[in-house]
Amino acid sequence: MRSIGNKNTVLLGLSFQLVQLAWYAFGSEPWMMWAAGTVAAASSITFPAVSALVSRSASRDQQGVVQGMVTGIRGLCNGLGPALYGFIFYLFDVELNDLEPAPGRPALRGA
């Protein structure tokens, strides 16, 4: 993060996330899913970069408040994300019990 800065690190992490979701959408082989998972691991730099960016923007006496807000929003997204993806799978009639791989349209929509 030091060499490219917080803002660019956030953009890099979000770019990795976009590539990962698109790869899930268009991947058709098991190795592609594993490779997309590796890209997802690289996208994990986003949250620490967002926390650092927010920390630099807030005054010293507001650090706890802003970090609590960022963590609360992350928790909310972690809770609502699976429910939203479940709804998207429902909209596209994806049956998870089928033996064939699920279509990539929900992941593409997420990208």
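Okay, let's start with helix α2, residues 30-42: at 1.5 Å a residue its 13 residues should span 18 Å, and the end C-alpha atoms sit 19 Å apart, which agrees. The expected span here is 1.5 Å times one less than the number of residues. Helices are DSSP runs of H or I with at least four residues, strands are E runs of at least two, and the numbering goes from the N terminus.

Before I go on, this is a predicted model, so local features need pLDDT of at least 70 and side-chain atom pairs count only at pLDDT 80 or more, while totals for chains, interfaces and linings use all residues. Residues are numbered from 1 along each chain as its sequence is written, and side-chain values use heavy atoms, with hydrogens and water left out.

Back to α2. Which residues of α2 are buried? That's M32, A35, A36 and V39, where buried means under 20% relative accessible area, exposed means over 50%, and partly exposed is in between, with a 1.4 Å probe and protein chains only. They cover an arc of only 100° around the axis, which puts them on the same side of α2; that arc is taken from the directions from the helix axis to the C-beta atoms.

Have a look at Q20, which is in α1. Q20 counts as buried because its relative accessibility is 6%. Leaving out residues up to four places away in sequence, Q20 touches A36, V39 and A40, a contact being heavy atoms within 4.5 Å.

Zooming out to the protein chain: five helices, zero strands, so the pattern along the sequence is α-α-α-α-α. Of its 111 residues, 22% count as buried. Take the contacts with a separation of 6 or more, and 49% of them are between residues 24 or more positions apart. The chain exposes about 8000 Å², with carbon and sulfur atoms supplying 65% of that; areas are Shrake-Rupley with a 1.4 Å probe, and for residues only the protein chains shown count as cover.

Last stop, the surface. L84, F87, Y90 and L91 form a nonpolar patch there, about 470 Å² of accessible area together. Y90 belongs to helix α4, residues 63-91, and counts as exposed because its relative accessibility is 60%. Patch members need over 30% relative accessible area and no salt bridge, with like charges joined within 9 Å and nonpolar side chains (Val, Leu, Ile, Met, Phe, Trp, Tyr) within 5 Å. A salt bridge is a Lys or Arg side-chain nitrogen within 4 Å of an Asp or Glu carboxyl oxygen.
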